[in-house]
Amino acid sequence: MESQVRGGTRWKRFAVVMVPSVAAAAAVGVGLAQGALAASFSVSGQQFKVTAGHLHGEGFAQYGGIDTVYTKTDGKEKTQVPVAISSFDDATITKMCQSVKTEIPLINKTFYLRLDAGNKGTPVTAHNLYIDVAQLDADAEFKNIDIGVAVKDKTRGPDVKQGESVLPGGFAQQAQSADLYGVEQTAWATTAGTFKLSGLSMRLGTDPKMECY
């Protein structure tokens, strides 16, 4: 499963790497329930899907966290969900697709919003990128990776966002760089200092085939 490749570490499927971070996220949830931590913000209760041909990131870190999400689109109730926060100082992404499924009870219809970018020779670029991941599959290779570093002592990736719900002494992993191929992920939220979408195409429709996967 693991092999050293020119100073890097390669995993066939990145989902294997995420298991400790999800466990750390569950520990954060215990802290929230006991009042030890405060959730920083509320996000939509709708997960969205993302695919990418290749994501190259410089300055990578991943650690557990908690998102507070709405349980329904009416925005009346909230719950807390564990996430694995993947962060990059800088990232370039080719063949990126993002889709979200939305059910509208008033008209009893389901709509799909799809966004494509980075397909015309110029990749999508992002700076200080954070992805609150629920699930991720990819072929992955890391350069100079450290697994098991404490969140507060990590030296790679952007700083933990102010007010973000994480355990400072909790599990994290970091790498000088990360390359992910054949990415398929679901996420709760993405934030970035800058996010440049080259060749952007956005469509709205009712065909389930509009989903990225």
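**Pockets and cores**

Guide: In the second largest pocket, the lining has two nonpolar, six polar and three charged residues. Please note that this is a predicted model.

Visitor: Which residues line that second largest pocket?
Guide: Its lining includes Ser44, Gly45 and Gln46, as well as Tyr70, Thr71, Lys72 and Thr73. Lys101, Glu103 and Pro105 are also among the lining residues.

Visitor: And what is its volume?
Guide: The second largest pocket has a volume of about 190 Å³. For the largest pocket, the value is about 290 Å³.

Visitor: What classes of residue line the largest pocket?
Guide: Its lining has 16 nonpolar and four polar residues, and no charged ones. Of the 20 lining residues, Val50, Met96, Ile131, Gln185 and Thr190 lie nearest the centre of the pocket.

Visitor: Which strands supply that lining?
Guide: At least two residues each come from β4 (48-70), β5 (78-94), β6 (96-104), β8 (124-150) and β9 (171-196). The largest share, five residues, is from β9.

Visitor: A change of topic, then. How many residues has the largest nonpolar core?
Guide: That core has 27 residues, and Phe88, Phe142 and Leu180 have the most contacts inside it. At least two of its residues come from each of β4, β5, β6, β7 (109-117), β8 and β9.

Visitor: Which strand gives the most to this core?
Guide: β8 does, with ten residues.

Visitor: What of the second core?
Guide: The second core is separate and has eleven residues, including Val83, Ile85, Val149 and Val166.

Key:
Residues numbered from 1 in each chain as written. Predicted model: local features only at pLDDT ≥ 70, side-chain atom pairs only at ≥ 80, totals over all residues. Heavy atoms only, no water. 1 Å grid on protein atoms, 1.4 Å probe; cavity = no way out; pocket = protein on both sides within 12 Å on 5 of 7 lines; lining within 4 Å. Points joined across faces, edges and corners; volume = space filled by probe spheres on them. Helix = DSSP H or I, 4+ residues; strand = E, 2+ residues; numbered from the N terminus. Nonpolar A, V, L, I, M, F, W, Y, C, P; charged D, E, K, R; others polar. Core = buried A, V, L, I, M, F, W, Y, C linked by side-chain atoms within 4.5 Å. Buried < 20%, exposed > 50% of the residue type's maximum accessible area, 1.4 Å probe, protein only.
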